[in-house]
Amino acid sequence: FGSSESGFGLSHWYGKLLLALGAVQGTDTEKAAMSRAVLHVFEEYQKARVTFVQTVAELALRQGNVPALQNASVMALLRPLLLDTVASIQQSAALALGRLASESPELAQMVVMHDILPQLVHSLAQQNRFYKKAAAFVLRAVAKHSKELAQAVVDNGALEALVTCLDEFDPNVQEAAAWALGYIARGSKDLALQVIEAGAVPLLVLCFQQPELALKRIAASALSDIAKHSPELAQTVVDASAVSHLAKEISSPDPNLKRQVCSCLAQIAKHSVDLAEVIVEAEIFPRILYCLKDIDEAVRKNSATCIREIARHTPDLAKLIVNAGGVAAMVEYITEARGNNRLPGIMTLGYIAAFSETLALSVVVSKGIPPLKDALINEPEDHLKAASAWSLGQIGRHTPDHARALAEADVLRRLLAVYLHQDSSDDLQTKAKRALKSIIQKCTYLPALEPLLDAPPNILKHVITQFARVLPHDTAAKKTFVQSGGLQKIQEVKGEPGSKLNDTIEEINNLYPAEIVNYYSPNYAESLLQILDDPTGQK
């Protein structure tokens, strides 16, 4: 610590030391006194270093102190203390650096620029367990901000040292290392691959099997961060026998562990049919359905996400969820959830309903339409409304019975309102339009279609086409269509001559006597007046 950058007032202590050493040799008593004077200088210096690092570590806990610490060149002052001869000073210096690096990407970048990472990595293999935990904390604090900073951690040789720490006896060291590896893997597919190549996955699976809950949580989180990037990386996690161990903890009483387990299983299942089947074969149903009613909000959302990632792949997987009681459980979940937590449930019902009319009917029977309609109307975010519109369209597109269930629930009018709303996003308008079209084309319940006769032309043409398909085969509907004012409304529609819309209106008009059609035409009153004005009494 003789360098001027250490800033500890070393010249002061050095001066004291020279005075002590320059004293004239005397009696044994004088020598003993001189020795105590020398030791006192070093003791005072050590106390000053301890006070400094501990105070900085405490100050770094408060975000408001960080700019002042930064201006005081705190990184340069802490760096040499990582190599201090006193272990507690090393640990406190690493802790302070970790807290600072955690605050912002800029401070994390300063840790990289001051060449602090090589010292930390080198010390990980040599120091005691307390220092290893603190050093791993610094590496995590740097890596978490961006993939570039995570790559800087890797480039300084941290992976091998962190993987070695996973095999430590102390679970606190294992936890700190697993956490750092998870943040590195989270950065990108390439980084996750480097974590795998360093041999981390089997050791993370072993860590997950340890009794310490905190270690289990972080190990599951790290495995999730690895599996999320690609089918190949997820397969590596599966090949390490992680799924069977993860599945056992779905029933854990610890909500934080269940969050991570459900998240990891979802990240594996999302990639392919084969991986989703591996999750199902681990017998997570019906246990994961109980998580939809968990007191912890994140557990409910993550379990719903896992079910969604399984349901989306094949009709057989969707049917398995239905047979396990998953639709009713998901409907209840959507009914109670609000905001983004609703999204995985909304999408799950849409995926299930999309595969077949039987599966769609299970959603209708389980009363899935009302909560989807509620989300369409009341959720403030457009992406939630769009997801609801999509799912409703998947339910109604199969048969007239499915479409009628939606029509009777007043879904068509609500979809039209969302489509026409000036503040609706392009995606929401597109999904609402597609849902309307698919439901209208199957709907034979004409009273539900009549309110849509005021729709814009691109929707109206589908409505009128449906009337033209149904009316010729239903005498009662023909009469009701006149009495309700439907026939009059289509006379007011101005289709382009020769257009398909105009031809369809003519088809409907031809179903009625000309007198009735003329009576409901917009210019009928004017025609009568012309007859009165004619002296011959004829038009």
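Predicted model: local features only at pLDDT ≥ 70, side-chain atom pairs only at ≥ 80, totals over all residues.
1. The largest pocket. About 210 Å³ of space lies in the largest pocket. Its lining consists of Q91, S92, L95, K133, A134, F137, R140, N172, E175, A176 and W179. Three helices, α5 (87–103), α8 (129–143) and α11, each give two or more residues to this lining. By class, the pocket lining divides into five nonpolar, three polar and three charged residues.

2. The cavity. The model holds one cavity of 30 Å³ or more. The volume of the largest cavity is about 40 Å³. The residues that line this cavity are A178, W179, G182, Y183, R186, I218, S221, A222 and D225. The largest share, five residues, comes from α11. Five nonpolar, two polar and two charged residues make up the lining of the largest cavity.

3. Helix α24. This helix covers residues 357–365, and within it L359, A360, S362, V363 and V364 are buried. As a general point, an α-helix has 3.6 residues a turn, so residues three or four places apart point the same way. The buried residues of α24 pack against α21 (315–323), α22 (326–336), α23 (343–355), α25 (369–378), α26 (382–396) and α27 (400–408). Just after α24, K367 has a positive phi of about 65 degrees.

4. Residue Q394. Helix α26, one of the helices against which the buried residues of α24 pack, contains Q394. Is Q394 buried or exposed? Q394 is buried, because its relative accessible area is 14%, and buried means under 20%. When residues up to four places away in sequence are not counted, Q394 touches G350, A353 and A354.

5. The nonpolar core. The largest nonpolar core has 182 residues. Which of its residues touch the most other members? They are L78, L162, I284, I310 and I508. For I508, the contacts are I464, F467, A468, L471, F481, L487 and I490, with residues up to four places away in sequence left out.

Note on methods: Residues numbered from 1 in each chain as written. Heavy atoms only, no water. 1 Å grid on protein atoms, 1.4 Å probe; cavity = no way out; pocket = protein on both sides within 12 Å on 5 of 7 lines; lining within 4 Å. Points joined across faces, edges and corners; volume = space filled by probe spheres on them. Helix = DSSP H or I, 4+ residues; strand = E, 2+ residues; numbered from the N terminus. Nonpolar A, V, L, I, M, F, W, Y, C, P; charged D, E, K, R; others polar. Buried < 20%, exposed > 50% of the residue type's maximum accessible area, 1.4 Å probe, protein only. Contact = heavy atoms within 4.5 Å. Core = buried A, V, L, I, M, F, W, Y, C linked by side-chain atoms within 4.5 Å.
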